[in-house]
Amino acid sequence: QKEVEQNSGPLSVPEGAIASLNCTYSDRGSQSFFWYRQYSGKSPELIMSIYSNGDKEDGRFTAQLNKASQYVSLLIRDSQPSDSATYLCAVISSGSARQLTFGSGTQLTVLP
Amino acid sequence: GAVVSQHPSWVICKSGTSVKIECRSLDFQATTMFWYRQFPKQSLMLMATSNEGSKATYEQGVEKDKFLINHASLTLSTLTVTSAHPEDSSFYICSAPMGLAGGSEQYFGPGTRLTVT
């Protein structure tokens with residue numbers, strides 16, 4: 001069973017702080033990694049994709065990938081109340097034909 | 001803007017009736033689409049993989065005769081919930097990979113909220 005694990009939270013940070021979300025995966029052959037944001041009652045929205053080791057930055061978001069440790073993270077700088085949502089880590093495992101395996105999600109609350 | 005659309009966004013139907021949900025990729029072709037179901041406060045559950053020109057692949061425990069999937073074209077997949085019952089009430093979401101590469105980014109439709117009375 002290929003698994004993706006996240007801390008379920010809830011995670012609370014004050015407005016303006018850095019929110020750090022973590023994810024580990026079990027399939028060492030995984031090559032594609034994604035972070036989605038899901039507001040309550042809405043469908044997931046793609047925030048970041050990362051395919052190689054290191055950091056990838058997009059605005060206030062930075063994704064970090066460490067394949068040796070099988071670890072992927074998402075940092076949100078200058079957190080805003082509008083960032084309050086559930087963040088889903090998703091992985092395309094080896095041999096899965098583009099099928100995403102999701103973590104259970106981390107609920108983030110940014111306190112004004 | 002949205003790259004995957006779904007219709008309808010919500011539907012209420014009576015027990016025993018059938019409901020069809022459409023998923024369209026906008027401005028790109030999708031040979032594969034995925035159908036998910038999400039119950040309140042739970043994570044997404046993959047129901048099936050929709051393949052253009054061939055039969056859908058269903059996940060274990062999903063009844064293929066109840067959840068009919070038709071991938072009629074490179075931009076349209078439909079999910080029909082047949083003989084719906086109250087326990088089928090859920091949030092149904094489709095997704096489509098944009099691109100032919102194996103690790104292509106996947107985009108989700110806005111979802112369809114089904115309520116069976």
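Predicted model: local features only at pLDDT ≥ 70, side-chain atom pairs only at ≥ 80, totals over all residues.
Local features need pLDDT of at least 70 and side-chain atom pairs count only at pLDDT 80 or more, while totals for chains, interfaces and linings use all residues. Residues are numbered from 1 along each chain as its sequence is written, chains are lettered from A and ligands numbered from 1 in the order in which they are written, and side-chain values use heavy atoms, with hydrogens and water left out.

Strand 1 of chain B covers residues 4-7 (strands are DSSP runs of E, at least two residues, numbered from the N terminus). Buried here means under 20% relative accessible area with a 1.4 Å probe, protein chains only. Strand 1 pairs with strand 3 (residues 19-25) in the antiparallel sense over four bridges; pairing takes at least two DSSP bridges. Across this pair, B:His7 stands opposite B:Glu22.

Next comes B:Val11, in strand 2 (residues 10-13). B:Val11 is buried, at 16% relative accessible area. Leaving aside residues up to four places away in sequence, B:Val11 touches B:Val19, B:Thr112, B:Arg113, B:Leu114 and B:Thr115 (contact means heavy atoms within 4.5 Å).

B:His71 sits in strand 7 (residues 67-73) and is buried too, with a relative accessible area of 6%. The B:His71 side chain makes a polar contact with that of B:Ser50 at 2.7 Å (a pair of N or O atoms within 3.5 Å, one able to donate a hydrogen and the other to accept it within protein; residues adjacent in sequence count only if both atoms are side-chain atoms).

Definitions and conventions: Buried < 20%, exposed > 50% of the residue type's maximum accessible area, 1.4 Å probe, protein only.
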